[in-house]
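Dear colleague,

Please find below the structure that I am handing over to you.

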Amino acid sequence: MPAPSSAPRSGAPVAMILGSCVSLQIGAAFAAGLFPALGSWGVTTLRLGLAAIVLGIAIRPALLRWDRRQWKAMVWFGLAMGGMNGSFYAAIERIPLGTAVAIEFLGPLVLSAVLSRRRLDLACVALALAGVSLFGVESFAGVTALDPVGVAFALVAGVFWAGYILTSSAAGALVPGHGSVAVAMAIGALVLMPLGAPGVVRAVTEPHLLLLALGCALLASVIPYSLELSALRRIPRHVFGILLSLEPAVAALAGLMLLGQPVTALGIAAIALVIGASIGTTVSGRLAGRRAGDGATAVDRSTDGLAPVPQIAHVAGALDPEEDPAARDPADMEDLPAPPADAASPSAR
């Protein structure tokens, strides 16, 4: 009777990943509602800081055991975390949520193409650029007006996302366990504090705003992170990456339903092209890994399953693409490196 046992095993993790995407985008829409009161930088600072506290209490990283080299890696990881989240929230303060997510995806896609140098990956970047260019066509045609500053912030967020993938890889190789994620969030909050201080001060003096910021931290960071880790114990990494590639569509839907941001036909086409590019990159890495087999190069491994979907990336080395996830003992996950080299998940944003 294999069918009954396999269906739940595959259905539950898929639901977890989709739940992670939905929670992240609801959190982003929730954050947008706080921008008028706290500003995008204040909301980002609070979200990272509060999420760091919650995850820190749950994970309890052994900070005193870290050496200078580990802390250096953590500082770079935290800078990328703060820059990525701050730029992204500054973008969605000015342009629609789905548009910002689609534009931001260019960062990881370009990084994947540069690292792998496979023609298919380069074609995927061209496909994503074609999709993003449709937003420009919309703007020039007068269908929608995109704030150029918001677009610039989304592009900057994509650059930081690429940096996040690289620095999370370095941190995951040096720092055991998942404590690096909580610490990186704390560093990111400190980095953004000069810009977010006015919003933080107001939230502290008005507890209801602080409570709303805590809700944002839970929805956009803690819940997605927990769901993604649970899903990664049950499904292969490339499947995880493909499912996370749906994030631009989820973001556009959240923007439409929660923020009243309309989605045009060109916008849908643009998002579809970006999603196709992301899935293509994931499949490209998967095929390259199969061809290379056990002799795959470090470059192949580092880009396998790269699915631009940023706050937490999936766990570096947590699951080999060819390994049956059910064979893993969940207890072994405690000793895995933290965020991954190959993919950044939405929960990081």
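**Findings**

In this predicted model, 53% of the 349 residues of the protein count as buried. The protein has twelve helices and two strands. Along the sequence, the pattern reads α-α-α-α-α-α-α-α-α-α-α-α-β-β.

The nonpolar cores may be taken next. The largest nonpolar core holds 76 residues, and Met74 and Tyr89 touch the most other members of this core. Helix 1 (residues 2–59) supplies the largest share of the core, with 14 residues. Apart from this core lies another one of ten residues, including Met16, Ile17, Cys21 and Ala231. As a general matter, nonpolar side chains tend to be buried together in soluble globular proteins.

Which residues does Met74 touch, not counting residues up to four places away in sequence? They are Trp66, Ala171, Val175, Ser180, Val183, Ala184 and Ile187.

I turn now to a pair of helices. The axes of helix 2 (residues 68–92) and helix 3 (residues 97–104) come within 9 Å and cross at roughly 140 degrees. Helix 2 is therefore oblique to helix 3, since roughly antiparallel would require an angle over 145 degrees. The crossing of these two helices is right-handed. In the contact, helix 2 contributes Met84, Phe88, Ala91 and Ile92, while helix 3 contributes Leu97, Ala100, Val101 and Glu104. By class, seven of the residues in this contact are nonpolar, none is polar and one is charged.

Yours sincerely

Methods: Residues are numbered from 1 along each chain as its sequence is written. This is a predicted model: local features need pLDDT of at least 70, side-chain atom pairs count only at pLDDT 80 or more; totals for chains, interfaces and linings use all residues. Side-chain values use heavy atoms; hydrogens and water are left out. A nonpolar core is a set of buried Ala, Val, Leu, Ile, Met, Phe, Trp, Tyr and Cys residues joined through side-chain atoms within 4.5 Å. Buried means under 20% relative accessible area, exposed over 50%, partly exposed in between (1.4 Å probe, protein chains only). Helices (H or I, at least four residues) and strands (E, at least two) are DSSP runs, numbered from the N terminus. Contact means heavy atoms within 4.5 Å. Axes are lines fitted to C-alpha atoms, for helices over the stretch in contact, and angles run from 0 to 180 degrees between N-to-C directions. Angles under 35 degrees count as roughly parallel, over 145 as roughly antiparallel, 65 to 115 as roughly perpendicular and the rest as oblique. A crossing is left-handed if the near helix is turned anticlockwise from the far one by less than a right angle, and right-handed if clockwise. Ala, Val, Leu, Ile, Met, Phe, Trp, Tyr, Cys and Pro count as nonpolar, Asp, Glu, Lys and Arg as charged, and the others, Gly among them, as polar.
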